[in-house]
Amino acid sequence: MLDQIAAKVTDPRFLGMVLTGLATAATAFALLQPVLEPDRLGKRMKMVGEERDEIRRRERDRLANKAALRVAPKAYMKRVVEQFSLDRWLGTETARKQLIMAGYRSPGAETGFLFFRLVTPIVLAVVAIFYVFVLGVLDQPFAIRAMIVIAVLLLGIKAPELYLLNVSKKRQTEIRAAWPDALDLTLICVESGMSVEHAFRRVSAEIVSQSVVLAEELAVLTAELSYLPDRRLAFENLANRIGLDQIKAVTTALIQAERYGTPVGQALRVLSQESRDSRMNEAEKKAAALPPKLTVPMILFFLPVLFVVILTPAMIQVFR
């Protein structure tokens, strides 16, 4: 049996038949491989499309929930604004931008702002007149008391704008502190293969523990990237809503990447480093400004106490 197997293996005709069969099978496999191989690219693109549809559906549900939670303007506020045409007399483009930068994007935000811009100076002027003229607390000439009432009236006119400016500054400070970390996370997501839209969506979910305001703005950006016909408008809206030079630089880089096809990762890396350097420079400026600011408190509070501690024992000895 073994002798027959050895004879077959060493038979040239048998070896020729085996090699011919292997060659035929290899040729058939090479010809049929493109037909039998699954379309991996098609499957991957289909998965990407399904993921995009899922993101779009999720963002629609989120926007629907937000729209349901929006506070409609009060009926009396809306009636007063429409009756006196306050949007034409008191509404300015600067005030609208301040409302957006302060985070008030609901339909009733501008109505409430115009209403309080009308009511606040009237209320403060009435209180000032009652305090100055009726109660007669200030024993001053009539001209000075009238100037005080006018000053309070002007303060009431500017009070809503000052409030919006204060709120927007606080939001910008919070966003400025968390923006470098958010940019680093975006860079990691983009270099790992995510799209810009999916990267911002992921960063908005991760950065919420550090800055709720920035997470909200990135979520709005993700929704606008999904729904707006031009992605450039979404980036420009983000820059206008926040109003920081760092955000404008990033949005400009993203717009150029969308238009000219430039690499996003390299631009984000450079901008991230610039954001960190800017934050460090601001911290160094604050540290360098401490000595001049501490000069007056030291003169008023520390030096008198120091003199008392040093001179009191000597004065006791002198009196003795």
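The following legends describe an overall view and several close-ups of a predicted model. Local features need pLDDT of at least 70 and side-chain atom pairs count only at pLDDT 80 or more, whereas totals for chains, interfaces and linings use all residues. Residues are numbered from 1 along each chain as its sequence is written, and side-chain values use heavy atoms, with hydrogens and water left out.

**View 1. The protein chain as a whole, with 14 helices and 0 strands.** Helices (H or I, at least four residues) and strands (E, at least two) are DSSP runs, numbered from the N terminus. Of the 320 residues in the protein chain, 28% count as buried, where buried means under 20% relative accessible area, exposed over 50% and partly exposed in between (1.4 Å probe, protein chains only). Among contacts with a separation of 6 or more, 67% come from residues 24 or more positions apart, a contact being heavy atoms within 4.5 Å. The accessible surface is about 21,800 Å², with 66% of this area belonging to carbon and sulfur atoms, as given by the Shrake-Rupley method with a 1.4 Å probe.

**View 2. The aromatic pairs, of which the count comes to 2.** Rings of Phe, Tyr and Trp (its six-membered ring) pair if their centres lie within 6.5 Å, and planes under 30 degrees apart count as stacked, over 60 as edge-to-face and the rest as tilted. The ring centres of F115 and F116 are 5.6 Å apart and their planes stand at 80°, so this pair is edge-to-face. F115 is buried at a relative accessible area of 11%, while F116, at 43%, is partly exposed. For F133 and F142 the centres are 5.5 Å apart and the planes at 55°, so the pair is tilted. F133 is partly exposed at 30% relative accessibility, and F142 is exposed at 57%.

View 3. R145 is buried, its relative accessible area being 19%. When residues up to four places away in sequence are not counted, R145 touches V132, F133, L138 and Q140.

View 4. With a relative accessible area of 16%, Q246 is buried. Its side chain makes a polar contact with the side chain of S278 at 3.3 Å; such a contact is a pair of N or O atoms within 3.5 Å, and within protein one must be able to donate a hydrogen and the other to accept it, while residues adjacent in sequence count only if both atoms are side-chain atoms. Leaving aside residues up to four places away in sequence, Q246 touches R176, W179, S275 and S278.
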